[in-house]
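Please keep the sequence and the model in view while reading.

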Amino acid sequence: MSAIAAYYGGKSILITGATGFMGKVLVEKLFRTSPDLKVIYILVRPKAGQSLQQRVSQMINCKLFEKAKEICPNIFEKIRPIYADLTKPDLGISKEDLEELLDHTNIIFHCAATVRFDDSLRHALQLNVIATQQLLLMASQMPKLEVFIHFSTAYANCNLKHIDEVIYPCSVEPKKLIDSVEWLDDSIIEEITPKLIENRPNTYTYTKALGEMVVYQESGNLNIAIIRPSIVGASWQEPFPGWVDNLNGPSGLIIATGKGFLRAIKATPRAVADVVPVDLVINLTLAVGWHTAVHRPKSILIYHCTSGSLNPCSWIDLGFQVLATFEKAPLEKAFRRPKADFTTNSFSTYLWNTISHMAPAVIYDFYLRLTGRKPRMAKLMNRMLKTISMLEYFINHSWEWSTYNTEMLMSQLSNEDQKLFNFDVRHLNWLEYTENYCIGVKKYLLKEDMAGIPAAKKHLRMLRNIYYLFNTVVFLIIWRFFIARSQMARNIWYFVMKGSQKNHCTVPRSTKTRRPINSGGETDENLPKDRGLVQGSSCLTSDTGFPLARFRQSTSI
Ligand SMILES: CCCCCCCCCCCCCCCC(=O)SCCNC(=O)CCNC(=O)[C@H](O)C(C)(C)COP(=O)(O)OP(=O)(O)OC[C@H]1O[C@@H](n2cnc3c(N)ncnc32)[C@H](O)[C@@H]1OP(=O)(O)O
Ligand SMILES: NC(=O)C1=CN([C@@H]2O[C@H](COP(=O)(O)OP(=O)(O)OC[C@H]3O[C@@H](n4cnc5c(N)ncnc54)[C@H](OP(=O)(O)O)[C@@H]3O)[C@@H](O)[C@H]2O)C=CC1
């Protein structure tokens, strides 16, 4: 019997952020491995006109929960949604609900956060710091609480190169900052934000670091552990490979690449793409929950959930595999053929953005206008470039995270737990994982049918033909313009043609097409004189068509 699965049996578990990407996988795994758990309280806010119950139904009825529902048919009875808004005082929880939570909760998983990189400091503080503080206060009043697991991020201390499994102090006391933003004007907060976050790229990483400090300061007698995942990607194995349901992290960029919107990105190609599958993160989380509750470590332990130190994969390898997968299983209705170039400086990035991103979008918009439709591609492209500018920091830097605690925990698990709650990233095959990730994005995020692959391939072939046609037209226009007007261009053209002519003729042809020399074909000797400068080639004269004709005209003046 698995010790971890057994631990969660009969427990009342409180989860914040259960409707999010990681929260769903956590709830699913709990029901699948510990179907005898007592209840899962989930803090939910109403959203998009849906009631709490509707949100829960939508969550449980998605494909992710199919296996869990077979194993635990009464999931609906065991999930108790609690109305909450983490930005409100007392987390917006009613008195009755609060009493129930205080009386029964055994375990807390605190997942909820704002993960947006462009959030205002005030909002990010409210969710990632103040809400954490309030939840800790609530937790300290729970007599039956055994463990509190806090989700942070491996990038909370991305201002450092080497990051250990410790809490690093921030330059400003969280409590002082919380007090200040209460009375400071939004415009002033905006002005001081760059100074506060110092050399971090955004308010998200900064407030997650502050959140950790609050956990440390308010921990009291609570039994707490912190999980720090790096870039969380689609599922690796559980409940099935490739599951993903939002655009965060790499998923949005994978779609942008597959659809042919994103064709070049500023990145350090050999830098480590520190992606970790979501099921691996959740397995570690459940193992940490069990270990912290059972062994009650004396201090708060931090667990890095990263891949770079144990099984690194570079951005360029990831990019190649994404392209290889989309060649086999392309996305439907791509804008252009998928391509992934890596630029390394701002100038080439600017050039690529203009030529390879904005220009085709503007041309397409022109076409839409001509056909009486509303132009939209340039706007879409601008939004994508804005998104990329926010993510660029993470693809152009490298970090080293120590994983001592995570490895120690792995060594303490029984063989059965190591299998059931596998978080050993060394077993991950990146080629296979990336392929499943791309297919998962196609199936579960874009809801595309695999039966549509032949049509998608046909569409790509059409795009390729348009590309060739477009390039030929551009070439002809340029050729006509230069060759007709400049002697120097004519000379260069002659020089190039002469060189290529020599090279071309040395390539052996197949015996079927090879003509014997001097056997009545066009050789140097019997070429008509008006062929002027192009003498010397049977290869050239046979298939040059319009360009050569133009060239002949212009050189025979
Ligand atoms: C082959 C090569 C592969 C290379 C692959 C590199 C991957 C390199 C990942 C590094 C990632 C580090 C991750 C740190 C790990 C954490 O600890 S944090 C968790 C990750 N958090 C995130 O990724 C949040 C990033 N997203 C954001 O902050 C906000 O969405 C943005 C980027 C500021 C955009 O904000 P906004 O302009 O208000 O727009 P929003 O309404 O959110 O979305 C606008 C449009 O952009 C789209 N969009 C949103 N997010 C994304 C996205 N990530 N991507 C694309 N489109 C997006 C939306 O679909 C939407 O399109 P429409 O539906 O309107 O057509
Ligand atoms: N995804 C990643 O790559 C990484 C994530 N993490 C951390 O993991 C945790 C989970 O991330 P992830 O699942 O990706 O995030 P998501 O954005 O998918 O989910 C966020 C969750 O928080 C909830 N939430 C947000 N605001 C409120 C609010 N005001 N009141 C109540 N609930 C709210 C959301 O609810 P709703 O559905 O109503 O919006 C949602 O359930 C976070 O702490 C994040 O910092 C760490 C490293 C990487």
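## Basis of the model

This is a predicted model, in which local features need pLDDT of at least 70, side-chain atom pairs count only at pLDDT 80 or more, and totals for chains, interfaces and linings use all residues. Residues are numbered from 1 along each chain as its sequence is written, chains are lettered from A and ligands numbered from 1 in the order in which they are written, and side-chain values use heavy atoms, with hydrogens and water left out.

## Annotated regions

UniProt lists residues 15-284 as "domain: Thioester reductase (TE)" in an unreviewed entry. UniProt positions are given in the numbering used here, feature names are shortened, and annotations may be inferred rather than shown by experiment. This span is 42% helix and 14% strand, and its end C-alpha atoms lie 16 Å apart. Helices (H or I, at least four residues) and strands (E, at least two) are DSSP runs, numbered from the N terminus.

At residues 357-448, UniProt places "domain: Fatty acyl-CoA reductase C-terminal", again from an unreviewed entry. Here the span is 70% helix and 2% strand, with 25 Å between the end C-alpha atoms. The record also gives a "transmembrane region" (unreviewed entry) at residues 466-483. In the model, residues 466-483 are 100% helix and 0% strand, and their end C-alpha atoms are 25 Å apart.

## The site of ligand 1

Around ligand 1 there are 24 residues, of which Arg116, Phe117, Leu247, Gly249 and Lys386 come nearest; a residue counts as near if one of its heavy atoms lies within 4 Å of the molecule. A backbone N or O atom of Phe117 is 2.8 Å from a ligand oxygen, a polar side-chain atom of Tyr204 is 3.0 Å from one, and an N or O atom in the side chain of Lys386 is 2.9 Å from one. The protein covers 79% of the 1300 Å² of accessible area that ligand 1 has on its own, as calculated by the Shrake-Rupley method with a 1.4 Å probe.

Helix H11 (250-258), helix H13 (315-328) and helix H15 (377-395) are the elements that give two or more residues to this shell. The most comes from H15, with six residues. By class, the shell around ligand 1 has 12 nonpolar, eight polar and four charged residues. In this scheme Ala, Val, Leu, Ile, Met, Phe, Trp, Tyr, Cys and Pro count as nonpolar, Asp, Glu, Lys and Arg as charged, and the others, Gly among them, as polar.

## The site of ligand 2

Ligand 2 is surrounded by 25 residues, and the closest are Thr19, Arg45, Lys47, Arg55 and Tyr204. A polar side-chain atom of Tyr204 lies 2.7 Å from an oxygen atom of ligand 2, and a polar side-chain atom of Lys47 lies 2.8 Å from an oxygen atom of this ligand. An N or O atom in the side chain of Asp85 is 2.9 Å from a nitrogen atom of ligand 2. Of the 890 Å² of accessible area that ligand 2 has on its own, the protein covers 91%.

Two or more residues of this shell come from each of helix H2 (21-33) and helix H10 (203-217). The shell around ligand 2 divides into 12 nonpolar, eight polar and five charged residues.

## Cavities

The structure holds two cavities of 30 Å³ or more. On a 1 Å grid over the protein atoms alone, a cavity is a set of points where a 1.4 Å probe fits but cannot get out, and lining residues have an atom within 4 Å of a point. Grid points are joined across faces, edges and corners, and a volume is the space filled by probe spheres set on the points.

The largest cavity has a volume of about 80 Å³. Its lining includes Leu280, His304, Thr406 and Phe423. Strand E11 (301-305) and helix H16 (404-412) are the elements that give two or more residues to the lining, and the largest share, three residues, comes from H16.

## Backbone geometry

Most residues other than glycine have a negative phi, and most peptide bonds are trans. Glu238 and Pro239 are joined by a cis peptide bond, with omega about -10°. Pro239 is placed in the loop between strand E8 (231-233) and H11. Ala48, in the loop between strand E2 (39-44) and helix H3 (52-60), has a positive phi near 45°.

Terms used
A polar contact is a pair of N or O atoms within 3.5 Å; within protein, one must be able to donate a hydrogen and the other to accept it, and residues adjacent in sequence count only if both atoms are side-chain atoms. On a 1 Å grid over the protein atoms alone, a cavity is a set of points where a 1.4 Å probe fits but cannot get out, and a pocket is an open set with protein on both sides within 12 Å along at least five of seven lines; lining residues have an atom within 4 Å of a point.
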